[in-house]
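Visitor: Could you walk me through this structure, please? I'd like to begin with a pocket.

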Amino acid sequence: MKDNKELKLAVLIDADNIPYSNVRGMLNEIAKFGIPTIKRIYGDWTKPTVSGWKSSLLENAITPVQQYSYTTGKNATDSAMIIDAMDILHSEKVDGFCLVSSDSDFTRLATRLRESGMLVIGIGEKKTPNPFIVACDKFIYLEILKIGESDLSSKKVPGTENATLSPVMENETIDKKMIDLLRTTVDDLADDTGWAFLAEVGGLIMKKKPDFDPRNYGFLKLTPLMKSLDKYFIIEEREVENKRIKHIYVKNK
């Protein structure tokens, strides 16, 4: 398996269901997972509703694909995007796909791509139906990409490091269901003494809940999120011999 930074990704954007704002932030997020070697956006460019995208296409080297709406009430863009995705899949030129849409019509496509061994990343708004979210390996909400580090508030959680909260996302609460998921995941990975490596905990949580992201709750990373939940978890930093790094471990209280 290639390193994540070497993965070749096909980025397919549904212009009909995604706003054009913060295109650069979206592409920066995708770059964390691999190299976007194919970037295409689908829509009927004769319509004024997608005109906002046009200025961003050249700046970000995104290829527009024209798809006329043949009948009222039918989304021809979906079909064009799905056909292209299957063509790209069989060309064997990429290692994964990033499907940018809030439309549940792409649920079957995401499932089919994963069945073929492709990494599938979804990006969409909070209104995205759950079936499409869980069909992806990872799902990222557009709302959290609108928040740059310079826009983050100065509010801190006492006793935590780099636990800056976002003013937009801090109204998201960590409910009992989320706490139970975190505690169960820690138990799943814990050794005989009850400690689990936090990096592995984060990886397993995303497999269980593809749209999990600390930024949804106002935290930039998983470590400060877990530290803020000191009522439920114990965090321990362990130095690695001959290295200037520390491994973070977590244990249920």
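Guide: The second largest pocket is lined by Thr 173, Asp 175, Lys 177, Met 178, Leu 181, Lys 208, Lys 209 and Tyr 217. On a 1 Å grid over the protein atoms alone, a pocket is an open set of points where a 1.4 Å probe fits, with protein on both sides within 12 Å along at least five of seven lines, and lining residues have an atom within 4 Å of a point. This is a predicted model, where local features need pLDDT of at least 70, side-chain atom pairs count only at pLDDT 80 or more, and totals for chains, interfaces and linings use all residues. Residues are numbered from 1 along each chain as its sequence is written, and side-chain values use heavy atoms, with hydrogens and water left out.

Visitor: Which helix gives the largest share of that lining?

Guide: Helix α7 (residues 176-189) does, with three residues; helices here are DSSP runs of H or I with at least four residues, strands are E runs with at least two, and both are numbered from the N terminus.

Visitor: New topic: is strand β4 largely enclosed or open?

Guide: Strand β4 (residues 96-100) is largely enclosed by the rest of the structure, because five of its five residues are buried, meaning under 20% relative accessible area with a 1.4 Å probe, protein chains only. Gly 96, Cys 98 and Val 100 point one way from β4, while Phe 97 and Leu 99 point the other way.

Visitor: And how many bridges join β4 to β5?

Guide: Five bridges join β4 to strand β5 (residues 119-124), and the two run parallel, with Gly 96 standing opposite Leu 119 in β5.

Definitions and conventions:
Buried < 20%, exposed > 50% of the residue type's maximum accessible area, 1.4 Å probe, protein only. Pairing = 2+ DSSP bridges.
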